Amino acid sequence: MNSRWKSVKRGLGIGIGLGLCLLPLLWTLLAALGLQPIGVKLEGTATLDNFAQVTTFEPAFLTEFVYTLAVSVAATLLTITAAFPAAYRLAHTRSARADGLMQGMLVLAVSPLIAYGLPLANVEGAIGLRGTFIGLVLASAAAQLPLALWLLRGYLVRIPHSLDEAAHLDGASWLTVLWRVVLPVATGGVVATAVLVFVLDWNLYLLPSLLTEHPPTVLPVAMRDFFAFERDLEWPVAAAALLVTLAPAFLLVLAAQRALEKLVFVPQELSG
Amino acid sequence: MRTVSPRARHPDWSWLALGPATLLVLLFLAVPAAVGLFNTFTDSTPAGGVWHFVGLGNYRAVLADSSVGAAFANALLLMLLAVPVEVVGGLWLAGLLRRPFPGRSLVRVLLLAPWLVSPIAAGVMWHFLYNSQVGLVGWVAGWFEAGGGSSPLADQRWALLSVALVEVWRMTPLAAFLLLPGVLAVPQEEFDQATVMGSPALTTWRVVVIPRIRVLLLTVLLLLVAQSVTTFDSILVLTGGGPGSHTITPALYAYSLVVDAHNWPLGTAASWLLVGLVLIIGVAYMALVRVETT
């Protein structure tokens with residue numbers, strides 16, 4: 001009886017916790033569908049009109065959506081491609097200095113972008129990258145690299161060293177070992193890291209706002225500009241736009257469920 | 001037995017693996033950061049032209065501005081309001097998900113949803129949720145027939161708390177998501193033992209779980225503390241720092257100097273003061289981790 005009470009209590013807790021997290025989003029979904037809760041009743045009739053209205057309010061919405069997606073995918077691939085070999089190399093160095101370097105990376109990852117955003121725009125201006133797709137991709141990729149390095153190394157230190165050592169002894173080149181031996185066993189960690197990096201890139205505001213000179217721009221910048229300069233924005237349409245911009249990140253996280261469960265935020269060697 | 005090390009046969013080129021990452025960070029992060037730091041000691045502008053060294057002049061000018069004091073005070077207050085709730089809430093949620101149940105992995109990723117909303121979008125969303133006409137807050141107030149009234153964001157007594165609540169909503173589930181693997185790694189027997197000995201749930205957590213996840217907890221704490229003192233995007237949309245300077249943060253202050261007032265030297269100096277604060281937090285984190293692991 002005691003244990004049944006406990007599981008009822010746990011179920012209730014999960015319901016409350018999930019409810020607190022999701023209620024604001026549920027409210028947004030209802031508004032986007034044209035429904036407004038008054039007391040215990042829902043007023044209005046469900047419609048998808050508000051989703052269609054998004055492009056009336058922001059004609060460039062679809063272009064911006066595709067542009068943001070392209071920037072985020074390219075930046076994520078670049079971050080992972082650069083971080084993976086480095087993380088593998090650093091996973092082999094298990095010294096206090098390497099650990100210190102990684103913790104430094106984490107501190108770098110949580111540092112404010114505003115400290116270098118504007119000089120970065122100038123540096124990119126000097127080499128002709130400012131306002132270009134490539135310039136934004138490189139800047140975003142560099143901004144997420146410290147976190148990616150931290151996550152990937154934390155994952156790779158758990159893979160037994162003997163595995164790739166054996167391949168090395170068989171005469172395989174370093175790159176072959178990385179590609180053929182290490183990557184296949186580390187896929188989960190790479191996918192989980194890539195998903196988190198993609199979400200951060202997809203939601204990035206400050207760097208694109210400083211590095212974009214002409215349209216198209218990314219969704220967070222467009223959304224902020226719209227909100228700041230056109231105050232007549234209606235909630236149901238804003239709600240629809242919010243949900244559309246949330247969709248790619250949400251679908252990706254749902255698809256990568258299994259990999260995300262295996263995400264290691266702190267390597268085991270540090271947690272024991 | 002290994003007799004010939006592969007490194008003895010081939011020269012070790014493996015450090016080249018660090019090349020792409022180093023290059024990317026150097027060019028698009030470290031060099032601009034160094035330029036930015038250097039500029040805080042000069043009166044240069046993005047337009048170029050003649051510039052002079054001004055020593056600590058920019059920092060003195062920034063510190064003389066009363067808004068800066070308000071901004072750092074707000075950042076610390078935001079941290080004190082948000083981080084304890086995020087940590088306790090994160091541990092609570094992680095604890096609920098410790099035992100398997102059908103649909104647990106779905107619940108686990110659904111919890112990430114608030115963090116998936118971009119800070120800008122979260123700002124727009126909560127702007128409306130705090131609205132008394134169409135918002136969640138108005139709906140709840142309706143239950144108590146307390147309706148009407150303006151958004152708490154416009155009220156100087158409630159503005160910072162309202163901003164902190166948005167932070168808590170965004171970061172608590174992420175904290176739970178990051179803490180859960182650590183909590184799951186605690187063997188069930190240790191929980192059972194504590195239960196047999198009749199210790200209450202809170203004691204079990206303090207004695208059994210926390211000691212095992214100390215480093216993970218410290219790392220999540222670093223993330224949450226840094227996130228709270230550098231909060232920027234969501235406040236930019238929610239209040240723009242207002243009413244007055246009741247919700248201005250250091251990052252927002254630096255941004256408005258740089259972007260709105262085109263005062264590059266002062267804005268960059270203000271942002272480097274914030275970097276200083278984050279570095280202090282970072283050094284404290286590294287020192288604490290060293291104590292825990294040796």
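Tutor: H10(A) passes H7(B) in a left-handed crossing. This is a predicted model; local features need pLDDT of at least 70, side-chain atom pairs count only at pLDDT 80 or more, and totals for chains, interfaces and linings use all residues. Residues are numbered from 1 along each chain as its sequence is written, with chains lettered from A and ligands numbered from 1 in the order in which they are written.

Student: What makes a crossing left-handed?

Tutor: The near helix is turned anticlockwise from the far one by less than a right angle; clockwise would be right-handed. Here the axes come within 9 Å and cross at roughly 30°. An axis is a line fitted to C-alpha atoms, for helices over the stretch in contact, and angles run from 0 to 180 degrees between N-to-C directions.

Student: Which residues make the contact of H10(A) with H7(B)?

Tutor: Pro220(A), Met223(A), Arg224(A) and Phe227(A) meet Ile120(B), Ala121(B) and Val124(B). In contact means that the C-beta atoms, placed from the backbone, lie within 7 Å. The residues divide into 6 nonpolar, no polar and 1 charged. Nonpolar covers Ala, Val, Leu, Ile, Met, Phe, Trp, Tyr, Cys and Pro; charged covers Asp, Glu, Lys and Arg; the others, Gly among them, are polar.

Student: How many residues of chain B are in contact with chain A?

Tutor: 77 residues of chain B are in contact with 70 residues of chain A. That side of chain B divides into 61 nonpolar, 14 polar and 2 charged.

Student: Why is H10(B) called oblique to H11(B)?

Tutor: They pack at an angle of about 135°, with their axes 10 Å apart. Under 35 degrees is roughly parallel, over 145 roughly antiparallel, 65 to 115 roughly perpendicular, and the rest oblique. The angle falls in the rest, so H10(B) is oblique to H11(B). Their crossing is right-handed. The contact is made by Glu190(B), Phe191(B) and Ala194(B) of H10(B) and Thr204(B), Val207(B) and Val208(B) of H11(B).

Student: What makes a stretch a helix?

Tutor: A helix is a DSSP run of H or I with at least four residues, and a strand is a run of E with at least two; both are numbered from the N terminus. Chain A has 13 helices and 2 strands.

Student: How do you know that Arg153(A) is buried?

Tutor: Buried means 20 or more other C-beta atoms, placed from the backbone, within 10 Å of its own; 12 or fewer is exposed, and in between is partly exposed. Arg153(A) has 27, so it is buried. This residue lies in helix H6 of chain A. Beyond four places away in sequence, Arg153(A) touches Ala87(A), Leu90(A), Ala91(A) and Met102(A).

Student: Why is H14(B) described as largely enclosed?

Tutor: 8 of its 11 residues are buried, so the rest of the structure largely encloses H14(B). Among them are Pro250(B), Leu252(B) and Tyr255(B). The buried residues pack against helix H5 of chain A, together with H4, H13 and H15 of chain B.

Student: What makes the bond from Pro215(A) to Pro216(A) cis?

Tutor: Its omega is near 0°. Pro216(A) lies in the loop between helix H9 and H10 of chain A.

Notes. Two residues are in contact if their C-beta atoms, placed from the backbone, lie within 7 Å.
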